[in-house]
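Open the model in your viewer and keep the selection panel at hand. The tour goes stop by stop.

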Amino acid sequence: MKESLVKFSNTHLARLGYEVTDLETDFADGVRLILLLGSLEGFFIPFYSFHLKPETVEEKLENVSHSFSLMEEACLPRPRNRPYEIVHKDRKSTLRIIYSLFIKYKN
């Protein structure tokens, strides 16, 4: 299943010049999650609206929180997870979010 989620993510992120090799690590800063949501929903997400190269935990938390807001705008259910779980590379939390995107957008 994990391989399917990586492939799904890469299919949509490749157009933006990003790649996922490890789900927990690559989504922990929120950048790929924001870009993936933008790609899936057809959102234009200006780079100034998030930290493209977050360096601190706070910047990563802001990015993940921003991605959760984008999920709500896309009428996806608000994730049960907390942003810090994603930033701290909690495997189940990250897989749950990517899987929910996979289920909605797999076609």
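Select Glu24 and Arg91. They form a salt bridge, with the closest N and O atoms 3.3 Å apart; the term means a side-chain nitrogen of Lys or Arg within 4 Å of a carboxyl oxygen of Asp or Glu. Glu24 sits in helix H2 and Arg91 in helix H6, so the pair ties together parts that are 67 residues apart in sequence. Helices (H or I, at least four residues) and strands (E, at least two) are DSSP runs, numbered from the N terminus.

This is a predicted model: local features need pLDDT of at least 70, side-chain atom pairs count only at pLDDT 80 or more, and totals for chains, interfaces and linings use all residues. Residues are numbered from 1 along each chain as its sequence is written, and side-chain values use heavy atoms, with hydrogens and water left out.

Now colour by accessibility. Glu24 is buried, at 6% relative accessible area, while Lys2 is partly exposed at 30%. Buried means under 20% relative accessible area, exposed over 50%, partly exposed in between (1.4 Å probe, protein chains only).

Next, select Lys104 and Glu41. Their salt bridge has its closest N and O atoms 4.0 Å apart. Lys104 lies in helix H6 and Glu41 in helix H3, so the pair ties together parts 63 residues apart in sequence. Lys104 is partly exposed at 41%, and Glu41 is partly exposed at 28%. A search of the whole structure finds 3 salt bridges.

Step to Gly42. It lies in the loop between helix H3 (31-41) and helix H4 (57-73). Gly42 is exposed, at 65% relative accessibility.

Go back to helix H6 (residues 91-105) and pick Tyr99. Tyr99 is partly exposed, at 38% relative accessibility. Show Met1 and Ile103 as well: with Tyr99 they form a nonpolar patch on the surface.

Finally, zoom out. The protein chain has 6 helices and 0 strands. Of its 107 residues, 45% count as buried. The C-alpha atoms fill a box of roughly 35 × 30 × 25 Å, taken along the principal axes.

Conventions:
Patch = residues over 30% accessible without salt bridge, like charges linked within 9 Å, V, L, I, M, F, W, Y side chains within 5 Å. Areas by Shrake-Rupley, 256 points an atom, 1.4 Å probe, with all protein chains shown as cover.
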